[in-house]
Each structure stands twice: as C-alpha cells, then as structure tokens.
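Here is a short note on aromatic rings for you to read beside the model. Please keep the 3D view open as you go.

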Amino acid sequence: MKKNHWIIPLALTGFSIHLFNNRLFNNAKEKIQHKEKNYKTYAWKFGTIHYRQTGSGSPLLLIHDTFSGASSVEYERIIQQLSKKHEVFALDLLGFGFSEKANITYTGYLYVQLIHDFIVEVIGQTHVDIITSGNSHIFALFASHQTNDLIRKCIMISPPGLAKIALNPSKKNYTLKYLLESPYIGTTLYNLLNSQFMFNRQFGVSDKPMNKVLLPYIEQFYYNAHNEDSRIRYAYASSICNYLNLDLRNILDKSDHCLYIINGSQRDYDIKALEGQYTHINPSIECATIKHSTNFPHIENPYATCDTIELFLHD
C-alpha cells in the first residue's frame, strides 16, 4: 500500500488540470459564440468552413494569418469599407476561428487546396482578387501558380521573410508536434503556450505602448485560441512546427500576376530589407507603407489601408 502512496495525489493533480483546461475552453466559447450567427458555412471535404459574405461588385477574398487564435476577425475594420465596391468573402481557415478543428496534420498544400475549392465552389468566379495577412500569402500564391486564371491580384499585408517560410519540419518539430497532439499532455502544454501571459508577450503588450485599437483584437485572438475544445491544438501544432511552410522563392519569379505588399511603418521588422527579398526575385511587386501602424495596419489604420488597397486593385 505504501508503494502506491503517489497514486492519489497524482490523480487529484490530473483531475485539477482537466477541470482547468475545460473551464478555459468553456469560458472562451461563452465570450465569442454569439458572433458565429453572422457566418455562412461551406461543407468542404476536410471539414466545415465558416465565412462571411457581404457587399456587391468584383469578388474579393480575405485570408487571415495562421498564428494561434487567428481568424477573419482581423479584417473587421476594413470589411464594411471594402464591401462598398466589392463582394467580400472573409473565411476562417480550417482549424481556425469558427471553422471545424479537424484532427489531422495541417499543411500548406491543404490550404492551397482549400483556397482553390472555395473560389471555385463558393465564389464561383475566376480572376478573384485576394488580400492575405502574414503567412497566408503562401497559400494564395501557390494556388494562383497551380491554376493560372484563379487569381487576378494578390495584396500581401505584413508578409514574413522568405527564408523563414521556407523552413522544413525538423526532428525537434516532429517531437513537439507529437507532444502537442497527445490527448492529455498536449492539451495542457497547448494551454500553457497560449496563456494570457504568453499572448501578451507574443504581441509585445508588456514591452511597448500598444495602439488602443489593437488591444481588443489581441483579447479576441486569445479567446479564439481557446474556443470550443482541445481539438484547436492540431492546427497550432502544425503551424509552429513548420508544416504550413512552402518555399515561395521557386514560384515568385515565375508569377505573372499583379502582386503587392503592404507594411505598417512601425512594424517589428526591417521593412526595406523584407521588401527587397521579394522585389529582388520579382521586380514587378509594388510596395506601400501605412503610417501609424505596426503588424496590423488593417486594424490600426483601416482607412489608409483601404485607400491603398483600392489604389492597387484599380491600378
């Protein structure tokens, strides 16, 4: 009996962690579930996709970034303005936002296929204009490379460096992904890596004065990261372990589409060096900088961002 004295404390600890995880997910769901009614659904073969559709005119597809908690909510401040001249579609990628959290390995090519199928089956037109944020330009550019008449113009907001998104999963990545996807340890590890403290650290809330407009969206991203249940960790595991990466350097110089880059003037990156990575490969890429903004110019300075977008779309 004495040899098993550790069983009861271990069981109580495990039960406490289980209650903590469930409470965290349920609290997040209560915070954001009322917004789900504004979405339409697309029954894609790998899972149900939620999206918003508004406005009339030429089709414009908005694709959000792939950090933990990301969703189409990051476009809320420009959707209404863009919908005055365009039929706007803003989707939540599989594994993000209100879309289904499938228990699969998420890859860049999975999202390339999603974008292709969404344009063909939901938008139902070719030569669609696309706006991307962060890493999502990878999927849009590869989709346009595979089907030439699918996309007309692509506007990339705050894209990362080309070397970063060309990294392949390493052995350490494989181990971390395995741990994150494990039933019990994975959920706890996910919640620790996506705690309020870690979110504040990721977005620099503790390190620098934030634009007040951006703070509610960071809170929204935090709740998104804990919406529904532990299945949300699968897309996260694939994302941070480089499974979504594709090497754009192989296709940028071959692209005959109109490509544009928008950066915030105070972005935490050497803007000129980043733009140079893209324009060195494809000199036809045009770039613009939005004043008084960091990594989210479409949230921090939406009117200037919309003006720049319209300028590019009607160029």
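1. Start with the rule. Rings of Phe, Tyr and Trp (its six-membered ring) pair if their centres lie within 6.5 Å; planes under 30 degrees apart are stacked, over 60 edge-to-face, and the rest tilted. The model is predicted, so local features need pLDDT of at least 70 and side-chain atom pairs pLDDT 80 or more, while totals for chains, interfaces and linings use all residues. Residues are numbered from 1 along each chain as its sequence is written, and side-chain values use heavy atoms, without hydrogens and water.

2. How many aromatic pairs does this rule give? The count is 19. Phe67 and Phe221 are edge-to-face because their planes meet at 75°, with the centres 5.0 Å apart. Phe67 lies in the loop between strand S3 (58-63) and helix H2 (76-82), and Phe221 in helix H8 (residues 215-224), so the pair ties together parts 154 residues apart in sequence. Helices (H or I, at least four residues) and strands (E, at least two) are DSSP runs, numbered from the N terminus.

3. Buried means under 20% relative accessible area, exposed over 50%, and partly exposed in between (1.4 Å probe, protein chains only).

4. Phe203 and Phe296 form a tilted pair, 6.2 Å centre to centre and 40° between the planes. They sit 93 residues apart, Phe203 in the loop between helix H7 (196-202) and H8, Phe296 in the loop between strand S8 (286-290) and helix H11 (297-300). Both are buried.

5. Now look at the cluster. Ring pairs join Phe67, Phe199, Phe203, Phe221, Tyr222, Tyr223 and Phe296.
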